[in-house]
Amino acid sequence: MNLEQIVKGEPGEKLFLLGNEAAVRGALEAGISVAATYPGTPSSEIGDVFSKIAKKADVYFEFSINEKVALEVAAAAAAAGVRSFTFMKHVGLNVASDSFMSVAYTGVNGGMVILSADDPSMFSSQNEQDNRHYARLANVPLLEPSNPQEIKEFMKYGFELSEEFKIPILLRTTTRVSHMRGIVELGEIQSKSKKGYLEKNPAQYVPVPATARIMHRELVEKMDKLQEIVNDSPLNQIFYQGQEIELKNIDTEKNKFQGKIGVIASGSAFNYIIDVIEEDNLDIPILKLGFSYPLPEDLILQFVSGLEKVLVVEEVDPIMEKDIWGLLGKRGLLKEVNGKLDHTFPMIYEYNQDIIRESLEKASIDTGIDLSNDLHNKSEIGHSDLELPQRPPTLCPGCPHRAVYYAIKKARENLKIDEKDLIFPTDIGCYTLGIEAPYKAADYLLSMGSSIGTSCGFSRATDQNIICFLGDSTFFHAGIPPLINAVHNKHKFVLTVLDNRTTAMTGGQPNPGLPVDGMGELAPEISIEKIAKASGAEFVETINPLNIKKTASVYERALKHDGVAVVISKYPCVLIKGQKPVKKALLTVDQGKCDGCMDCVSQLACPSISLNKEGDVEIDQLTCNGCTVCVQMCNEKAIRVQK
Amino acid sequence: MDVQYVYRCVMKKPLGYRSDFMDEKITQKDLSNDLSENSKGSYNIYICGVGGQGIIKTSIIIGETAMNNDLDVVMSEIHGMSQRGGVVSTELKIGPSKSSIIEEGTSDILLAFEPLEAVRALHKTNQNTALVLNTSPIVPFNIMDSEHPYPKIQTILSELGKNSRQVYALDAEKMAREAGHILSLNMVLLGGAAAIDGFILDKEAIIKSMEKNLPPKSMEINLKAFNQGYDAVKQQINLENK
């Protein structure tokens, strides 16, 4: 499929879309005018698609400097009356949370949807926080789609709801929904006015104590009204015995559930439980909550009224479960609820059908599974006792970060600093891969930009030497205030900006340090060096990291500098697409000269260097990028550039 | 097997049971034999390998073929670290499943782009799962420091043989080079999968979807690679039947 189909596809057409791609189509069908993000997996592809199609779709799109700014761009657009969309990974909403809390108060004029892509089981994140809490914290409605088609439909529903109630909407996906591909039937793309106009109204848009008190009251009133409509929302559905039961018939249909076990589920957890119920023909009705906050209390009470017990199936925290306990308590109902709180389901990580089946057994729910059947006979499942080597991700061949790590090791040895006396606060990006041997260049990490802030702390709390790392995009995102803090408060450490000219870890998005923006147009290039100097740092040097000797000597001086030393390692990521490579050096090993010291293999750990069957060092010319770091480090000059 | 017949059987039905798509002409037994040996609901394909081998593209081609033939399909992809030598896997479920995760032991096909990864994925298979694998290894970069060595290919094959009655091993790297480009390796393996008895998608339908997803200028090479993979597996099946 060509990505342009996301704009050009006709109503009724079916596409095999990633959840993230479906989110873009949903936004277009809702007639949005502004979209903004900071890239973060599992939401990254939404921005990648917008970046490619925004012009054609007549939408303004930007990769903002961070999630907070992205949310603010979208909030302002919505205040001006146009529809706006901002999206980010779950921890991105932490960054945006300050303004997120306020936009709930000010409300919106045009529709505004905030998509949070959560990452249960942490496929690519530092935590698995459940952002459904944020809907409760800010007091805004929450939608939880279960598949790509639903992402698209829920987006449209969200914009309508947002505009009607003048409130921003939180739409929460998880990795398995964002990265699920499925058949999506397209709808009509609404054409809406692309330019808004801010009607001045400080009482509405400027939360100072006097106005904020009124705003909070209004917010609570909006949510009270939403509480009335959520019970009838088409996003909430009941399934029983392979059929959907219409909510308007619940009064009569609920009698069928008398004395049974019932399930309340949302998001991808719904997919797992319904598959188990359908495949095993279990006599269990399911209430699927797509619009899960404010909690559809009346609907839930009707659904559970005749049930013997209720199972709550949700990822990650027991949020609905606690709300349901609260609701039952409020109505004085005594009913057994199984979920995470009683350890029927695991408290952490994502679910799947296997976990659901195990959990059902644990809750003594007769799943009717015939264990003599091959399908559920565990002994039939393939297995191997072979001990397998792991395959951890690694820095690419030719990655400039590897050169920096190696040069720092050299500098440390030259200065006779013990390994344990040089610590490496690190940050969010590819360089986190430096945690692995042989680099071991990651000692402390909290969040985006934390490398610099924590270096400030270490420089006061210890006498250890400190070199911290963060990338160019991360520097712009959250590195500038802590750098100014470091200089002003006279801390002492070496800050390395690994400027590889892209936002590499998330797939290569542009950032303010590049002469191009999210729409693919020329843009002013912001100089990291000038920012560092303007921040007051006296030691600021830009290096080509592939020159090992010079890099090591710069670090030797930087480590001796009494204050904040900023080293900008500037070299493009090898994965940047369309990059015209400089004539690639072809490297070979002269077996006559190689003394088999294995330094290149063990100290660089470059995927292109390996041992062949004879035990000789070999360079794979197909994957080698010709960075020549191995040539420079070989003591016997056995690795050579082929003439 | 009449492919159109199978298509009708798994035609999209929201939340339907198997019995909903039963045709009076066939019995439940026929269905489970024809459709999926392993799972009650859907035809499951687990694909695994290493970043850069074209696994996602292959999976999209399979998914789109299913969609274009009125089959319901969901797919899950995990590729956070794909560009950095990490493991990549996708799971495709063709049929009425809502979830895109394949349960333990219920793959109909395991398509392994790398031999070591085939062993790692065995928990998704059972004795009736057809295994199609590429025998050219990609050795992990850190193998020098690894506690466990990379197993010999023969060891891997015998381990797979213990676990499945149908193992089809291809030197897909060599075949791709012969077809004209190493990057056509994924089409060799797709061709191999298409040759499996009872594979849910028709060969010609897959080729149509390849044309929509691959650059026109490389189509000739990719088609050649696909056919080589197809013929090689068919040949292995014919030998078995003799």
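A polar contact here is a pair of N or O atoms within 3.5 Å; within protein, one must be able to donate a hydrogen and the other to accept it, and residues adjacent in sequence count only if both atoms are side-chain atoms. Keep that in mind for the views below.

This is a predicted model, where local features need pLDDT of at least 70, side-chain atom pairs count only at pLDDT 80 or more, and totals for chains, interfaces and linings use all residues. Residues are numbered from 1 along each chain as its sequence is written, chains are lettered from A and ligands numbered from 1 in the order in which they are written, and side-chain values use heavy atoms, with hydrogens and water left out.

**View 1. Polar links between domain 1 and domain 2 of chain A**. Look for 23 residue pairs in polar contact, both at pLDDT 80 or more. There are also 4 salt bridges between these domains, a salt bridge being a side-chain nitrogen of Lys or Arg within 4 Å of a carboxyl oxygen of Asp or Glu. In a salt bridge at 2.9 Å, N to O, you'll find A:Glu150 and A:Lys288.

**View 2. Chain B against chain A**. Here 67 residues from chain B and 58 residues from chain A make the contact. About 5700 Å² is buried between the chains, 59% of it on carbon and sulfur atoms. The interface has 5 salt bridges; A:Asp275 and B:Lys93 form a salt bridge, with their closest N and O atoms 4.0 Å apart.

**View 3. Strand 8 of chain A beside strand 2 of chain B**. Strands (E, at least two residues) are DSSP runs, numbered from the N terminus, and two of them pair if DSSP finds at least two bridges between them. Strand 8 (residues 180-185) of chain A pairs with strand 2 of chain B in the antiparallel sense, over 3 bridges. Zoom in on A:Arg181, and its bridge partner in strand 2 of chain B is B:Met75.

How values were computed. Contact = heavy atoms within 4.5 Å. Buried area = accessible area lost by both parts, 1.4 Å probe. Helix = DSSP H or I, 4+ residues; strand = E, 2+ residues; numbered from the N terminus.
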